[in-house]
Amino acid sequence: MLEIEQLCYRFAGDHSENMKFDLSVGAGEVLSLIGPSGSGKSTLLSLIAGFLKPERGHIRVHGQAIEHIPASQRPVTIVFQQHNLFPHLDLFTNVALGINPSLKLSQQQDQVIIDALDSLGLTGLENRKPGELSGGQRQRVALARALVRDRSILLLDEAFAALGPALRAELITLVKALVERKQMAALLVSHQPRDALIASDRTAFIHDGRVIAVQPTRQLLENPDLVEVRTYLGSM
Ligand code: ADP
Ligand code: MG
């Protein structure tokens, strides 16, 4: 469903080799993305989201090339570790901003928000401000805001890194179920191998701007044949 083909990028002034990505994610799949710090995980996500412009290569969603479409019009939504909620607005309004920045919502859109809050266990907290929520709840709000946008590609860039193991597992399980139900395609960047085990049948390993392995998660983590993967896991 999401296909990345020979997608090349180089930061201005960077004299090292081009980053060049190849990867595909199926409908209903959460593919985990692991790799050393600085290997290009966030860069790949930014290219998919449209925040960076590739030198060449293709990003296809359902066979349709999207690399020339502006970020705001891509069928992509991204969640970061910093949740970027507005502290002065309540939970409902923060989520509503995902649908329409002018906040003029139809009854149907109101219902979409109510359903998203329900599926993320946030019902009853609609009037709270972000400062009145726990860290886990705030990341749920960020997820709800991403989901109401109803885009088919979900990118999570260390979105749950600030949370403890139990909460992370809970949110990842939730994401997995939602991605399956909505038949989205998701990429999950995490530094915790356990996250990949929970989230993903397949995991991709990035090294020096290349996806050098895509393997069943357990195999990649527990019996890695590549020295780069062994080094990464060993240094954790
Ligand atoms: P990761 O998310 O895997 O830790 P990044 O994608 O953030 O890695 O970074 C990949 C490489 O690109 C790193 O070497 C980093 O220093 C470089 N880089 C990231 N952002 C910029 C930037 N805005 N300008 C120049 N180089 C950058
Ligand atoms: Mg990063």
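Helices (H or I, at least four residues) and strands (E, at least two) are DSSP runs, numbered from the N terminus.

## Basis of the report

This is a predicted model, in which local features need pLDDT of at least 70 and side-chain atom pairs count only at pLDDT 80 or more, while totals for chains, interfaces and linings use all residues. Residues are numbered from 1 along each chain as its sequence is written, chains are lettered from A and ligands numbered from 1 in the order in which they are written, and side-chain values use heavy atoms, with hydrogens and water left out.

## Two loop residues with positive phi

Gln183 sits in the loop between helix 5 (165-182) and strand 8 (185-189). Its phi is near 50 degrees, a positive value in a residue other than glycine. Gln183 has a relative accessible area of 43% and is therefore partly exposed (buried means under 20% relative accessible area, exposed over 50%, partly exposed in between, with a 1.4 Å probe and protein chains only).

Asp150 belongs to the loop between helix 4 and strand 7 (153-157). Phi of Asp150 is near 55 degrees, again positive in a residue other than glycine. Because its relative accessibility is 63%, Asp150 counts as exposed.

## Helix 2 against helix 4

Helix 2 (residues 91-99) and helix 4 (residues 135-148) have axes that come within 7 Å and cross at roughly 30 degrees. Axes here are lines fitted to C-alpha atoms, for helices over the stretch in contact, and angles run from 0 to 180 degrees between N-to-C directions.

From helix 2, Leu91, Asn94, Val95, Gly98 and Ile99 meet Val141, Ala144, Arg145 and Val148 of helix 4; contact means heavy atoms within 4.5 Å.

## Nonpolar cores

A nonpolar core is a set of buried Ala, Val, Leu, Ile, Met, Phe, Trp, Tyr and Cys residues joined through side-chain atoms within 4.5 Å. The largest one has 34 residues, of which Leu91, Val95, Leu122, Leu154, Leu156, Phe160 and Val175 touch the most other members. Two or more residues each come from helix 2, helix 3 (107-119), helix 4, strand 7, helix 5 and strand 8. Helix 4 gives the largest share of this core, 7 residues. Another core, of 30 residues, lies apart from it and includes Leu31, Leu33, Ile78 and Ile206.

## Ile172

Ile172 lies in helix 5 and counts as buried because its relative accessibility is 3%. Neighbours within four places in sequence aside, Ile172 is in contact with Phe160, Leu188, Asp195, Ile198 and Ala199.
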